[in-house]
Structure formats: C-alpha cells, structure tokens
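Here is a friendly walk through some local details of this model. Take a look at the sequence and structure first, and then read on.

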Amino acid sequence: MRIYAPTETTAVLADLLDEPSLARGVVHHAVMPARPAEYADFPDWLDPRIVAGLATRGIQRPYVHQAEAIAATRLGEDVVVVTPTASGKTLCYALPILQAIAEDPAARALLLFPTKALGQDQVTEFAELSAAAGLRVSASTYDGDTPAPIRSAIRSAGQVVATNPDMLHSAILPHHTKWFQLFEQLRYIVIDELHTYRGVFGGHVANVLRRLLRICAHYGSHPVIVCCSATIGNPGELAEALIGRPVLVLARNGAPAGERHVLLVDPPLLDPASGARGSALTLAQRWALPFLRAGRQTIVFGRSRVAVELLLTGLRESLREGFGPRTRVRGYRGGYLPTERRAIERGLRDGEILGVVATNALELGVDIGRLDVSILAGYPGSIAATWQQFGRAGRRAGTSVAVLVASGAPVDQYVVHHPEFLLEGTPEEARADPDNLHLLLAHLRAATFELPFEPGEVFGPGPVDDLLAFLGEDGHVRQAGDGRWYWSSENFPASEISLRTAAPENVVIIDTTRDRPRVLGEVDLFAAQVLVHEHAIYIHESVQYHVDKLDWGERKAYVHRIDVDHYTYANRAVTLKPLDVFEEGAATGGRRVHGEVMVASLVTLYKKLKFLTDENVGWGPIDLPELELQTTAYWLTAEGIAGRWRRDELDVALPGAGRAIQTVASVLLMVDPRDLGLVSQIRSPHHEAPTIYLYEAVPGGVGLSERLWRRHDELLAGAADLIAACACDAGCPACTGPRLEPHVDAKALALRLLGDLGAPLATTAIAAQK
C-alpha cells in the first residue's frame, strides 16, 4: 500500500509543527513575506533580436539590478552585482556580451567560474539565449575535460570562452600568443561567484587577474569587468582587491520571491548533565521525509561527504519501508564523476529527481531549478553559505521552507539561540591578500615568462624592479641592455604554482568489485587520510565500499563493495610548533602573540561506529605519513598564573577555555569555525607555560590571526560570557567541549582560568554560578 501522496508545502509544514516531538525543538520560526518583482525597461540600444529572444523565454522586462548592470557596462564601468541565489544574475553579463557580438561578431568575452560544472552550466544557458535571439555565437568551455582538437577551434574562433582560474593561470596566459584573437578583441571579463575567491585562493586569483589585464593591455584591449557575488559584507572591497580597479556595487535586488518559512531547530537534550544532544543528521532526516513523501522537491545539505552518505542511506531506507519515492532521492558531492553530477542536475531541473542530499558542491549557482524545501543538517559555518543553501528552495510564486537543524557544536548552538545573528546580522567579509610576498613573487615569475617587464613597470602595489632584481639573483630573470627584464630559465613557472595550495593532489578511488576495475571518484590528500585509509568503509551513493589498499605513493585507493552495519571515523592528531613571532604584547596573566607556526597532521587510528546509534564496535590503527601546514596563528600564554593552578585542574580548564575562545573567534570574525584550528598545550615547549593556539587552517594564513591578536580582550570576554550563559551543569560540547572527566566541573574551571587571564565577565559569572 502506498502511504505517500502529493500535498502542499504549507500543509506538510503544519503537520510537522503539530507533531510534539518535532515542535519542541523549534527554537525560532520566522516567516519572510513574499516580495514582488521590481522591473525596469530594456534600453533602446539593445538589439531587437535579443529583446525578441528574451520574450520567447518569458522575459518581457528586466529586473532593476539587471537593467542597472546593462546600463553601467555600456558606459564602460566595472560592476559587482550582489543579489541572492537564482535572482537572474546571468543576464547582467549575458546581455552586454550578446549586444557586443550583435554589433561586432569579432567581439570576445572571457567568463571565469570557480568550478568546471558551473562553467558548463552557464555555457549551456548562453547557447540557449543566443539561439533564442537568432544570433550565431560560439560559446565553449575550456577546461581540463576539453578534447585537444576542440581546444584549437576555441582558441581561434571562440567568441565566448568559459574557463576557471586554474586553466587561465596554467593553460591560457602562458600561451597567450595562441590566443591573440581573444585578447585583441576582448570586451568583457566575467568573474562569477566572486565571494569564493577569498583567502589564499583569492590572493592567487587576484594575481592571475593582474597577469590577464597586463596581457590585454599588451594586445590593445581594455575589457569591462562584471563580477557577480552572493551577499557578503564587503563586495566592493573584495572586487577591488581582486581586479585592482574601482567598481560600482549593484545590490538592489529586483527579483521576486515567494513566502519563505525559516525554522531554527535544536535537537533534544539527552543528558542535562553532559549537555549531550540528539543527532542533527537523524533529526534532519525526520524533517525531510514528510516533504519527500508529499512530492515536494527537497534538498538536504550535509556538512561533510560522510554526512551526505549517512543521510542518503537513512532516507532511502525509510522510504523503502514506507513505499516512498526511494529511487528519486540521490546524493551529490565532490568525488562523484562529472557524468553522475550532470545527470543529477538535469533530473532536478526536470522534476524526475524528487530529493537530493548534497554537500556545499550545490551551494554555488549550478542550475537545478527552484525547489520547495531546503534542510541544513548543521550550520554551514557562515551566514553567506547558510543563505545560499536556504536560497536553493524558494519558487517565485508559492511558499518554501528552510530548516536549519543545529548540531551540538558550539557555533551551531550559538546561532540557533541567537536568531538575530542569522536573520539580521551582516554577512561575512570575504578577504584576499594579493600582495602577500610569497604569492606576488610566484606570479611575478609567471608574468615575466609571459611578457618582459619594462623598467619601472607596476605589477600590484607598485614598481617591481627591486623584486625582479631579487629573482635575478637566482638566475630566473635577467635585465637586458635595453633595461627590460626577461625570463631566462628553462622552467615553466606557472606549472610550479598551485592556486589551491592546501591540497594540490588527489587520491583516485578504484572499485575492484567486478572483473574490470573502474574509477569510482577521487578525494584530496587531507580528506584521503580520514576517508580512504586501509580498512575504512567508504560510502558512495549510499553504497558501502571496503578500502583494501591505499597506495599513498601512487595516490590510489582500491576498494570493493560490502554491506555492513557500521561506518568508520578516523581520529586526526595535530601538533604545532612556533616558527616566528610577528607581534606580541603583555596581557593579564601572560602574553598575547601573533606569529608563524608549523602544524603537523597525523591520522593514527579509526573507530567503527554503528549507523544511527554511533555505538563504538571496534577500532584499528592507521599508518600514513604526516602532512604539514605552514601558517599563521594567534596564541595566548598563561605563565603568570602557573603557581595558582594544579596540573589536573589545568588539564580541564585550558582545553575548555580554548574551545570557548575558538567559538567566539569564529563569531567575532564571522568566519567558518573550520577556518581556525585549536591546539592547547599545558606546557608549551616554546614558552614553557600553558598556551592556547588558534591557527589558520590554510597555508600562509589570510590575516585572521592578526585580527584575533588585536581583539584579544573581546575574545576573552566573549568566551566567558558563552560559558556562563550555557544551560549545562558543569561544561558540555556547546561551551567547553566534551566532558572527559564526569565528576569535574569544567565550566567553573574554564571560567576561573579566563578570569585569571583578564576576562571582565568571568569573575561575575563565577559568583553567579555559586
């Protein structure tokens, strides 16, 4: 008997809110009213064929942000369009490009997307727009999957070329002489998903764009740049840092939106003493199932690949038991092959696929249509990412539902119990540092290979003669008699630079179940340590695979299909060693320091955990080499308080205070909590005193540690406030971290330590506790 039937979204939500066990967990329920469209008119100069083509696609008038972008680019202004997901940003650059080609078929455009999938998706959209207008436009993707014969055709005849920063850096700019048709006639450069170009990756991309604009100037073109971004706190500042030119910020969203219900949900408290809560994955599954059974297109976001596969397995099993649409629920994450991902995207657009469980791979603007329900199993780590995932649901007419199910993590708990942070807060500021000396020198070498430098020529912050002379000491560049600097090495400099420096290599996963082995997917090196170590259970599309062998040297993992009732979780051990001190200052009870550190990551053992209950049913050792990360950190020492503390007290207080400081740091800086790592040392070998380190989880750092060093007092005050306000008895995962000593009051000890280090609220909080 079938026990599911098509039902309206609002009716399903009402039934869920009538269910006491679910309703109790709803901490906040906001209803965002529908927003009507704000239209403008197409300009008189827009080609009638383009206007007619848009009409056949149901577009009679542009939204205001589209009209503003079209007008500004016509005047030669660089713009950044900042509007939510699915607000029609594509037309902001597609119409100016189509108009340029309609006026002059020799005109060219270069489109930059952060992922290959997004580039392919947008080229398809571009082809449909130009076909509707009756214009013959050659639009192509140029990426690692493009066959060699097609590449030469794109170089000579491609009017619209979509690529990614990595291909631009290593395959286009160093071979610019083969691309002279593109660079001589380049009218527009499009930088989509601008907010993803932050941190080290953003610094690299900014230098790639410097090289691109230098080559354009050499060929006599001066393209207009159109940037598109999700809502961030500083879009103009980030765009100007990336392109090195002033931009006009267009943030007035004219797209309509239907009514949206936003629910913040906290899993039930299982143990008031420890603060342990129910599983966010299990609760997210309970919220998703009724919508799927009612025929509502639903997306569930998991924070990790393992979370995605656990959710997918649980949903499919529940739907199998209830005769639901089991086969119409799919997974989507990094590691799936491109053909699988394209099929899933197509199925979502045409309605064949009813539900998808995804990582943030579907957070970016890949076209999957507009869904009814978006459920987040855990806070994604930033306001911008949360709203991008919420924005995947929300048809222009009708009601949508967005549900954030918190985990027991401290930041998750903070967000759901402070709804104003999410609903009224200013989104994060995305930052990039293109003038980082390591990045600047690397790209200066690549730029010299591409074109010789004139004496006094500016690249980045100023003239680069001194930097070129420094490179000349190693024999890579030389100054000729005409005063110009030339590349003089046999090396190919771009090949030595990875734009995504954290993990440039991947491990390929090979399925040996059948007679003929096949490639199942791939994972990066850091993920491989915990996902495909030997004897791991690797889950792909809810199918379990046992890892028989991990050949670390060859970067290959060999797996076979298996059916067991558990999954594996690997423990990662982190050690830290200071290398250099940039700034330090006195602080109550010790010192505050900002400097450079070396972080070593070693995976030593794994646990076997049962599905749903997470019961530990076994363990095993892992033998893999250590991975190192050189980065920057903020740390505080407590040498001034050592005489007043017993060792067993510090063993509890130091990690507890560190965990709270880490939580508050991610909130103060509005960054993903995973961007900051924590190491607590009871007796630091470097300082010979208790020390708490917060290190940046990207090579070289992106300036977070310096900002933490300057906001030291705010950090301590916020950490004390967080712990004191927690409803637990004596410390829990939401404030001081997991309680390792059940009979010790971790809460009181952490507050006492923060008070000794100068936290103004800690003394009051301790008194209130008593």
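## Two loop residues with positive phi

Glu688 sits in the loop between strand 28 (676-681) and strand 29 (691-696); strands here are DSSP E runs of at least two residues, and helices are H or I runs of at least four, numbered from the N terminus. The phi of Glu688 is near 55°, a positive value in a residue other than glycine. Most residues other than glycine have a negative phi. Is Glu688 buried or exposed? With a relative accessible area of 54%, Glu688 is exposed (buried means under 20%, exposed over 50%, partly exposed in between, using a 1.4 Å probe and protein chains only).

Arg555 also has a positive phi, of about 60°, and is not a glycine. The loop that holds Arg555 runs between strand 22 (543-551) and strand 23 (556-561). Arg555 counts as buried because its relative accessibility is 18%.

## How to read the values

The model is predicted, so local features need pLDDT of at least 70 and side-chain atom pairs count only at pLDDT 80 or more, while totals for chains, interfaces and linings use all residues. Residues are numbered from 1 along each chain as its sequence is written, and side-chain values use heavy atoms, leaving out hydrogens and water.

## An open parallel sheet

Which order do the 7 strands of the open sheet follow? The order is 4-5-3-6-7-2-8, with parallel pairing (two strands pair if DSSP finds at least two bridges between them). Strand 4 (139-141) and strand 8 (248-250) are the edge strands, each pairing on one side only. From one strand to the next, the twist averages 15°.

Within this sheet, strand 3 (residues 108-112) and strand 5 (residues 160-163) run parallel and are joined by 4 bridges. Leu110 has Val161 of strand 5 as its bridge partner. Helix 11 (residues 235-243) packs on the sheet and touches strand 2 (79-82), strand 6 (186-191), strand 7 (224-229) and strand 8 (contact means heavy atoms within 4.5 Å). The direction of helix 11 makes about 140° with that of strand 2; axes are lines fitted to C-alpha atoms, for helices over the stretch in contact, and angles run from 0 to 180 degrees between N-to-C directions.

## A buried strand

Strand 15 (residues 373-377) has 5 of its 5 residues buried, so it is largely enclosed by the rest of the structure. Val373, Ile375 and Ala377 point one way, Ser374 and Leu376 the other.

Strand 12 (residues 298-302) runs parallel to strand 15, joined by 5 bridges, and Gly302 stands opposite Ala377. Strand 15 also pairs in the parallel sense with strand 16 (residues 400-405), over 5 bridges; there, Ala402 is the bridge partner of Ser374.
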